[in-house]
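Please open the structure in your viewer and keep the selection tool at hand, as this tour moves from one stop to the next. At each stop you will be told what to select and what can be found there.

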Amino acid sequence: KEEIAPWVWHHRGVAEDKYIGKTDTREKAAILVLVRNSELEDIKHSIRMLEDRFNRRYNYPYIFLNDKPFSNKFMEHVARSTKSNTTFALIPQEHWEVPDSIDMEKTKVEFEKLVSQDIVYGGSLSYRQMCRFNSGFFYKHPLVQNLKYYWRLEPNIDFYCDIDYDPFKFMRENKKIYSFVIILYELKKTIPTLWKTSLEYAKQNNITSNLLKLFVNENKDYNLCHFWSNFEIASLDWYRSKEYESYFQFLDSTGSFFYERWGDAPIHSLAAGLFLNKDQIHFFNDIGYRHDQFARWPVSTTTNEFGIKCQVPKNIKENFDVASGECLNFWNTYKPYEWTNLDS
Ligand code: GDP
Ligand code: MN
């Protein structure tokens with residue numbers, strides 16, 4: 001292990017030998033993982049999955065981020081689970097800590113309200129810090145400044161299908177900015193004012209969108225559909241753009257990451273709705289994936305329409321796309337609708 005600065009450890013993977021004296025055709029991209037020491041086994045599982053299905057052939061580097069120092073045990077075990085380069089780093093404190101402007105007494109009252117309604121993570125401050133970090137800070141980390149794309153990886157996920165091409169290259173060659181595998185409904189009680197705040201932002205900035213209507217229901221309210229951001233391959237230049245940053249700053253100024261429980265997933269999704277076109281977003285239908293209890297895979301499994309091998313464990317009975325595919329159906333049937341002045 002090589003210590004570059006007190007807050008970053010780098011481990012050179014043996015796969016780098018393959019590139020000595022050869023042209024390195026990899027994209028400027030990395031697998032980005034925000035994770036805690038306590039999740040060692042679960043993140044090793046995710047790495048094993050990703051290596052098996054994709055990265056053992058492509059050798060993209062991993063970057064692990066944490067608000068607390070990684071333990072030596074964590075770094076050593078993780079570094080040994082891939083042939084790729086691994087880097088372990090702290091998050092700058094100012095990207096994680098609760099801003100001074102937040103009224104902590106008020107958060108206590110609001111947390112209680114969500115806890116009493118059994119809202120998952122309703123009483124957790126660190127969950128809110130994580131969601132805020134994943135909304136407005138991950139792309140500002142010093143280690144990702146020279147990267148164009150990132151692949152977000154979370155602990156305890158499964159990949160079911162071989163990915164025998166480079167999704168990063170696919171993104172660049174097809175001018176894709178954002179991508180997803182699961183689109184689903186958010187819990188309304190976690191984001192009571194997110195839609196209203198986003199429309200305010202759009203009006204103040206005279207934004208004309210032809211994608212935001214994807215997220216509107218019959219009552220002109222947010223239909224709660226969002227791309228599930230625990231899987232995400234996306235352009236870091238987009239996150240670093242002035243418009244994304246100004247949207248994040250506008251949202252952050254309300255304090256509702258803390259007073260409510262805004263997730264980064266609906267925020268990424270509404271930002272995509274505000275700033276992107278449908279053809280800049282890619283649904284990776286060929287990527288079989290599970291996070292928590294939700295799993296999906298291309299409908300015909302063994303060798304599917306893409307000619308890609310998938311294997312779904314026998315205990316997984318329900319394909320989320322089939323069982324709960326309302327949002328995916330909205331996506332599949334959405335026709336770009338120019339929405340000016342966000343009026344009707
Ligand atoms: P869920 O997917 O919404 O249930 O939330 P997770 O518990 O999976 O958290 C999302 C991601 O953030 C995962 O990669 C976690 O490892 C990471 N994460 C969550 N809370 C913390 C935290 O307090 N510190 C760090 N370093 N990572 C966190
Ligand atoms: Mn998770």
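Which residues surround ligand 1? Before you look, please bear in mind that this is a predicted model. Select ligand 1 and then the residues around it, which are Leu 34, Val 35, Arg 36, Glu 39, Asn 66, Asp 67, Ser 126, Tyr 127, Met 130, Glu 154, Pro 155 and Asn 230. Next, highlight helix α4, residues 125-136, which gives the most to the shell around ligand 1, with three residues.

For the second stop, select helix α1, residues 40-58, together with helix α2, residues 72-79, and look at how their axes come within 10 Å and cross at roughly 15°. Angles under 35 degrees count as roughly parallel, and α1 and α2 are therefore described as roughly parallel to each other. The crossing of these two helices, α1 and α2, is right-handed. To see where they meet, show the side chains of Leu 40, Ile 43, Lys 44 and Ile 47 in α1, and then those of Phe 74, His 77 and Val 78 in α2. The residues of this contact of α1 with α2 divide into five nonpolar, one polar and one charged.

On the α8 side the contact is made by Glu 243, Tyr 244, Tyr 247 and Leu 251, while α10 brings Ile 267, Ala 271, Leu 274 and Phe 275. The residues of the contact of α8 with α10 divide into seven nonpolar, no polar and one charged.

For the last stop, select the strands β7, β13 and β14, which form an open sheet of three strands in the order β7-β13-β14, with antiparallel pairing. Strands β7 (157-159) and β14 (294-296) stand at the edges, each with a single partner strand, so one side of each is left without a neighbour in the sheet. Turning the view, you can follow the twist of this sheet, which averages 5° from one strand to the next. Now keep β13, residues 289-291, and β14 selected, as they pair in the antiparallel sense over three bridges. Finish by picking Tyr 289, which stands opposite Arg 296 in β14.

Note on methods. Residues are numbered from 1 along each chain as its sequence is written. Chains are lettered from A and ligands numbered from 1 in the order in which they are written. This is a predicted model: local features need pLDDT of at least 70, side-chain atom pairs count only at pLDDT 80 or more; totals for chains, interfaces and linings use all residues. Axes are lines fitted to C-alpha atoms, for helices over the stretch in contact, and angles run from 0 to 180 degrees between N-to-C directions. Helices (H or I, at least four residues) and strands (E, at least two) are DSSP runs, numbered from the N terminus. Angles under 35 degrees count as roughly parallel, over 145 as roughly antiparallel, 65 to 115 as roughly perpendicular and the rest as oblique. A crossing is left-handed if the near helix is turned anticlockwise from the far one by less than a right angle, and right-handed if clockwise. Two residues are in contact if their C-beta atoms, placed from the backbone, lie within 7 Å. Ala, Val, Leu, Ile, Met, Phe, Trp, Tyr, Cys and Pro count as nonpolar, Asp, Glu, Lys and Arg as charged, and the others, Gly among them, as polar. A residue is near a molecule or strand if its C-beta atom, placed from the backbone, lies within 6 Å of it. Two strands pair if DSSP finds at least two bridges between them.
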